[in-house]
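Please look over the sequence and the model shown here before reading on. The report is arranged by topic.

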Amino acid sequence: TLYEKDKQLGGQANLAKMLPGRGELEEWVRWPSTQIKKLGVEVVLGKEVTPQLVAELKPDAVVVATGSLPLRNGLQGYTRAEIPGWNQGFVVTAEDILLGKAKVGQNVVIYATDASIKGPGMAEYLVEQGKNVQIISRDFALGNMVEPRMMGDVLQRMLPKGVKHIASTLVTRILDHAVATKHAYSGEESIIPADTVVLVTGNRSHAALYLALKGRVKEIYRIGDCLAPGRVDRAIYQGHRVGREL
């Protein structure tokens, strides 16, 4: 039995496919959703699993795939600290925007430190809506963890549309509708105005259910971002492996 707290299967893939050039992720959701119906898997949508529900069901094994949550405080490996000023109303995450939970101003600064496609993807998404977008990265290049050809396609679409990339730079503080930055090598400091600041600094595992159930069920596994935030292919591999073990 597969329980999904949302009204549709797919998790974060449903958000990622909203970004320009990421429509192929629809198939990552559609194909397994079709297969589990053919195989007779019971699917329960709109139902969040709790320790109480598990106790009632008395399963032989539980696989926890509760994903991850975006970091809101800008905590990152470079400084090992949160960014002062992160808790202001105009500071949001990419997920907030894609879910329609955040109002985005005209001048947007994206701080992308997780080397994924999410930051550049959001930059392209917002510039297509007519926003003025600047994306700041600590690394010299964007998307260092992304396959080069894919990242090249994103940059070829994004940069001609007017997105400005500020490389090798840290956001040291978020001020009142502005960010304070420091160049990683020269030490030069700047203030960049922003109506909206989007933090793309990584995710943290949402493992509360796993920790609550550990030691209370016969077999328990955690997979995907619940184990460690990472790429979708790794999550699929982990699910496949656990399925074969069961």
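The sections below treat the strands and then the nonpolar cores of this predicted model.

## The open sheet

Five strands make up an open sheet, in which the pairing is parallel and the order is β5-β12-β6-β7-β8. Because β5 (91–93) and β8 (164–166) stand at the edges and each has a single partner strand, one side of each is left without a neighbour in the sheet. From one strand to the next, the twist averages 25 degrees.

Within this order, strand β6 (residues 107–112) runs parallel to strand β12 (residues 196–200), and five bridges join the two.

## The hairpin

Strand β9 (residues 169–175) and strand β10 (residues 178–183) run antiparallel and are joined by six bridges, with I174 standing opposite V179 in β10. The two strands form a hairpin with two residues between them, and H177 in the turn has a positive phi of about 55 degrees.

## The nonpolar cores

The largest nonpolar core holds 27 residues, of which I97, I110, M122, L126 and V133 touch the most other members. At least two residues of this core come from each of α4 (94–98), β6, α5 (118–127), β7 (132–136), α6 (148–158) and β12, and the largest share, five residues, is supplied by α5.

When its neighbours within four places in sequence are left aside, M122 is in contact with L19, A94, I97, L98 and I110.

Terms used. Residues are numbered from 1 along each chain as its sequence is written. This is a predicted model: local features need pLDDT of at least 70, side-chain atom pairs count only at pLDDT 80 or more; totals for chains, interfaces and linings use all residues. Side-chain values use heavy atoms; hydrogens and water are left out. Two strands pair if DSSP finds at least two bridges between them. Helices (H or I, at least four residues) and strands (E, at least two) are DSSP runs, numbered from the N terminus. Axes are lines fitted to C-alpha atoms, for helices over the stretch in contact, and angles run from 0 to 180 degrees between N-to-C directions. A nonpolar core is a set of buried Ala, Val, Leu, Ile, Met, Phe, Trp, Tyr and Cys residues joined through side-chain atoms within 4.5 Å. Buried means under 20% relative accessible area, exposed over 50%, partly exposed in between (1.4 Å probe, protein chains only). Contact means heavy atoms within 4.5 Å.
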